[in-house]
Amino acid sequence: MLSANGVTVRFGKRVLFEDVNIKFGKGNCYGIIGANGAGKSTFLKVLSGDLEPSKGDVTLDKGERISVLKQDHFAYEDYTVMDTVLMGNKELYDIMKEKDAIYAKPDFSEEDGMKAAKLEERFAELDGWNAESDASQLLNDLGIIPDNHYKYMREIEAREKVKILLAQSLFGNPDVLLLDEPTNDLDLKSINWLQDFLIDFENTVIVVSHDRYFLNKVCTHIADVDFGKIKVYPGNYDFWYESSQLALKQMKEQNKKKEEKIKELQEFIARFSANASKSKQATSRKKILEKIELDEIKPSNRKYPYVDFKPDREPGKEILQVKKISKTIDGVKILDKISFDVKQNDKIAFLADNENAKTVLFQIIAGEMEPDEGELIWGQTITKSYFPKDNNYLFETDENLTEWLRKYSKDPDETFVRGFLGRMLFSGDEALKQANVISGGEKVRCVLSKMMLSGANFLIFDEPTNHLDMESITSVNEGMKKFIGNILFTSHDHELTQTVANRIIDIKQNGQIVDREVTYNEYLGIE
């Protein structure tokens, strides 16, 4: 059992959260959510002991071990991959090294023998004889080939180091597992493996993630950092989100009779309880939801940007024909005679073995790059708008945000433009920020504003959720779902891809494509 007791964290006059009291139970997975800057990662640091709270304390039952996913991918350059994973259990690793040092002594004494015997006893208690095979199994499961297990970390590619540090955190069956954005930079296969691992994990997991699909798959509880407090709700992310929206709606309808409110909430909880019975965590999650007190559900303090793409005209029957498009960059063939037709109502998610292939294809379709060969044939009614993966070039200007957005607005009135920015969470003086100094997330919201004002009926999105918080991702997801025109997009957000796409095009390494009219989960073979 891990407990936070009266924990307060403040930096100067700013209070992130105060008087937090939470007991994290064995067998549960807690997803920590909150707006950017709310203190999610800070709370994990407090739980791990890396940061002292301003007030209160954190207690862990005697003899239990916490494991933390490390964020510094270059901290173990002088160690082998195997040693790096084994360090996940510090006591076991220290015993192994101490044993090796004793046995290597040229003048091995009786005292050394007694010390080694004690170490061997503890080594066996910690299941040390299986340590290397267990570590190898974790590495294999995460796609680290056996030839790399005894290489130095400095010889390993950056994307592989992410997996090795994840293996380190999972190694040795820790009692409490703390994971900060564990799916970042992981491939789909590794993410799916991690989901299954955590679902079957019998101890306590506390995770920060912006990946809603991941949170829905693994979490039994959501810990919401909001109003300067951290409150734990039973259920996964979808349950928290929909219950919060329901509570907000009910709060706005103050005159609604209490009996009607209670009935609406009870029906909502019953529906989610029934859905929970389909998951691997069926029994425990269903019991948790059935015990929820109705007054525990409270509206969130979150602010969601307004994302709604409204085309000026509906597209006709002819949309787009892509005919034998090829492109070579720096001597490398990125696209090789790619052909497909976009039909009415198509919302196509693009996958690729080579990530750059999707970006190059989108740049060609958006008109920002010429193909080496092939052609695009557009329907006469089609107007397009493009969200580039790297949008920095759009903000190389001394204009403020109001001036920047006015260039793309059919209505140049400042009141209209500032009102539009306000709906995208640039309120008051924030609408007068210099465009060339805003953050990555703010740039994304500006480009989305530009696209909404375009009135286009054909939208192209290259990783639109990068740099966004959960609230903005949810809004973008809903906006793309509601859009009545065509969408071509790529995204690492599983939930967005699953709920928006009705067709998948997968560009393979050999230049061929797989084109199927299915959902993302159907394409992956996920139930």
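How many residues lie between β10 and β11 in the hairpin that they form? The answer is given in the first of the following legends, all of which refer to a predicted model.

**Figure 1. The β10–β11 hairpin of the predicted model.** Two residues separate β10 from β11 in this hairpin. Aspartate 330, located in the turn, adopts a positive phi of about 55°. Strand β10 covers residues 320–329 and strand β11 covers residues 332–342; their pairing is antiparallel and extends over seven bridges. Threonine 328 has lysine 333 of β11 as its bridge partner.

**Figure 2. Helix α1 and the glycine that follows it.** Helix α1 comprises residues 40–48. Its buried residues are Lys40, Thr42, Phe43, Leu44, Val46 and Leu47. In an α-helix there are 3.6 residues a turn, so residues three or four places apart point the same way. Just after α1, glycine 49 has a positive phi of about 90°.

**Figure 3. Packing of helix α3 against helix α4.** The axes of α3 (residues 90–103) and α4 (residues 110–125) approach within 10 Å and cross at roughly 150°. Because angles over 145 degrees count as roughly antiparallel, α3 and α4 are assigned to that class. The contact involves Glu91, Leu92, Ile95, Met96, Glu98, Lys99, Ile102 and Tyr103 on the α3 side. On the α4 side, it involves Asp112, Lys115, Ala116, Leu119, Glu120, Arg122 and Phe123. The crossing of α3 past α4 is left-handed.

**Figure 4. Packing of helix α6 against helix α7.** Helix α6 spans residues 158–170 and helix α7 spans residues 188–200; their axes come within 13 Å and cross at roughly 5°. Because angles under 35 degrees count as roughly parallel, α6 and α7 are described as roughly parallel to each other. Lys163, Leu166 and Leu170 of α6 make the contact with Ser190, Trp193, Leu194 and Phe197 of α7.

Figure 5. The structure contains zero disulfides. A disulfide requires a pair of cysteine sulfur atoms within 2.5 Å. Cysteine 219 is buried because its relative accessible area is 0%.

Definitions and conventions:
Residues are numbered from 1 along each chain as its sequence is written. This is a predicted model: local features need pLDDT of at least 70, side-chain atom pairs count only at pLDDT 80 or more; totals for chains, interfaces and linings use all residues. Side-chain values use heavy atoms; hydrogens and water are left out. Buried means under 20% relative accessible area, exposed over 50%, partly exposed in between (1.4 Å probe, protein chains only). Helices (H or I, at least four residues) and strands (E, at least two) are DSSP runs, numbered from the N terminus. Two strands pair if DSSP finds at least two bridges between them. Axes are lines fitted to C-alpha atoms, for helices over the stretch in contact, and angles run from 0 to 180 degrees between N-to-C directions. Angles under 35 degrees count as roughly parallel, over 145 as roughly antiparallel, 65 to 115 as roughly perpendicular and the rest as oblique. A crossing is left-handed if the near helix is turned anticlockwise from the far one by less than a right angle, and right-handed if clockwise. Contact means heavy atoms within 4.5 Å.
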